[in-house]
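Here is a short walk through one protein model. Keep the sequence and the 3D view open as you read.

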Amino acid sequence: MEKPAILGGNRTLEHENSPEELFHWPIFTEEDEAAVLDVFRNNKMSGNDVTAEFEKEFAAWQGRRFAVACCNGTMSLYAAMFAVGLKAGDELICPTKTYWASCLSAQNLGVSVVFANVDPDTLCLDPDDLPRCLGPRTKAIMVVHYKGYPCDMDRVMAFADAHGLMVIEDVSHAQGGHYKGRMLGTFGDVAAMSLMSGKSFACGELGVAVTDDRVCYERLLAFLHYERNEESLITDPALLPFLHLPLSGLKGRANQICTAIGRVQLKYYDARIREVRRANNYFFDGIEGLPGIRCHRVDESTGSDMAGWYIPCVVYHPEELGGLSPETVVRALTAETGFPFHLLGGSFPLHTHPLFQTYDAWGLGRSSRVAFADRDVRELDKDLKRSEHIVVIETPYFKKLIPEAIDRYISAFRKVFSQWEQLLALDDGPLAEETGQWHAAVK
Ligand SMILES: *Cc1c(COP(=O)(O)O)cnc(C)c1O
């Protein structure tokens, strides 16, 4: 076999020369353009009529009674926390490896985030870690179907039921995915998600929360909106005196340009992500079993699937490759393909960030994370080492199954990982950290 490009061999492929449709996303057509122009030309950006239609259609697709759209996914998750009744002094369990918006806004409610370990194979909340996280003030669990992988909902729901906890699903990576045949976003008391441009369900800047529960629905509306909270919609006597102004003190309204795009995207989404799933499964079939990496994907024979597969990765096991540093692997793969490979795949362990350790938003002389707590949940962070040590390497995010094009990426992986011993020579001490883009890395 030829030498890896990083050691002077020829490149296996030129990423820039791959067919455009291989990675092209989101797929917008003239139908999306017409929907946008209709909102724009009729000056309906700040209205609610298109949004109301979107909500009806989204709820029907999701198989839930209610959907509430808002300006972005972060707001939808914040509202979901309020909707399930989280308030000052309560605790919320959340996996430490996720995008910050899964839990950072909990601090605005005076809620303490207790970080749970993630399972090193699924990268989702490890149900075995829930008993360690449970305290007398635990109110809810935030579940994240991380990078499209469906979290073990049987075990999470059983634990939640046993301890009377609410469950929120963050479906931002997994719209349309399934766990054992049932759609993600239908397990929790509320599910909330981002539909921003980078996600597999991409509509510009948009968030949506779904629920079957009337009380949660009314609380979502009342928290996010005004001029939508008429007495016909809000019936909860606890909310009635506060109608007309948003309980969050913030405005969460969706821009109708985005909900108009959402209505069009919804029609084609299932078919498009089926193609994404075929393409990425094809790639993973081709690299499965290489030493040092585990493909991050679910066994589809159980009825589970990866939906939009945002964002594919492999979990790196340096112990199988003589301790070869992941930085060297990433450089070798980039040299081999021209594709900008990353480590971490975006999220660092959240508990290590100063915003969760020392930031004092409330001016109470203590960390916001424990401002209203009766125990210092930061002490539990010491048991998160095994999540800190997980290394993932992002793989190309294929959008179309073009076998001959994907085969070249498979060959590049095979070439690099079958000659790992030669790469050890490049490993001269720790290299600069190379990461994905979702974060400000903490050093
Ligand atoms: C993108 C994302 C969010 C936040 O959504 P925005 O629309 O960007 O505000 C929340 N959770 C996860 C897991 C995400 O990836």
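The text below takes up a helix pair, then aromatic rings, then one serine. The model is predicted.

Start with two helices. Two packed helices are described by the angle between their axes and the distance between the axes. Helix H8 spans residues 326-337, and helix H11 spans residues 403-418. They pack at an angle of about 140°, and their axes are 10 Å apart. The angle makes H8 oblique to H11, because oblique covers angles that are not roughly parallel, antiparallel (over 145 degrees) or perpendicular. Their crossing is right-handed. On the H8 side, the contact is made by Val329, Ala332, Leu333, Glu336 and Thr337. On the H11 side, Ala412, Phe413, Lys415, Val416 and Phe417 meet them. By class, this contact has 7 nonpolar, 1 polar and 2 charged residues.

Now turn to the rings. Phe413 and Phe417 also belong to a cluster linked by ring pairs. The whole structure holds 25 aromatic pairs. One of them joins Phe201 and Tyr269. Their centres are 4.5 Å apart, with 35° between the planes, and the pair is tilted. Phe201 sits in the loop between strands E8 and E9, and Tyr269 in helix H7, so the pair ties together parts 68 residues apart in sequence. Phe201 counts as buried because its relative accessibility is 0%. Tyr269, at 2%, counts as buried too.

Where does Ser367 lie? Its place is the loop between helix H9 and helix H10. Ser367 has 4% relative accessibility, so it counts as buried. Beyond its neighbours within four places in sequence, Ser367 contacts Phe356, Gln357, Thr358, Tyr359 and Arg378.

How values were computed:
Residues numbered from 1 in each chain as written. Predicted model: local features only at pLDDT ≥ 70, side-chain atom pairs only at ≥ 80, totals over all residues. Heavy atoms only, no water. Axes fitted to C-alpha atoms, helices over the stretch in contact; angles between N-to-C directions. Helix = DSSP H or I, 4+ residues; strand = E, 2+ residues; numbered from the N terminus. Parallel < 35°, antiparallel > 145°, perpendicular 65-115°, else oblique. Left-handed = near helix turned anticlockwise from the far one by under 90°. Contact = heavy atoms within 4.5 Å. Nonpolar A, V, L, I, M, F, W, Y, C, P; charged D, E, K, R; others polar. Buried < 20%, exposed > 50% of the residue type's maximum accessible area, 1.4 Å probe, protein only. Phe/Tyr/Trp six-rings, centres within 6.5 Å; stacked < 30°, edge-to-face > 60°.
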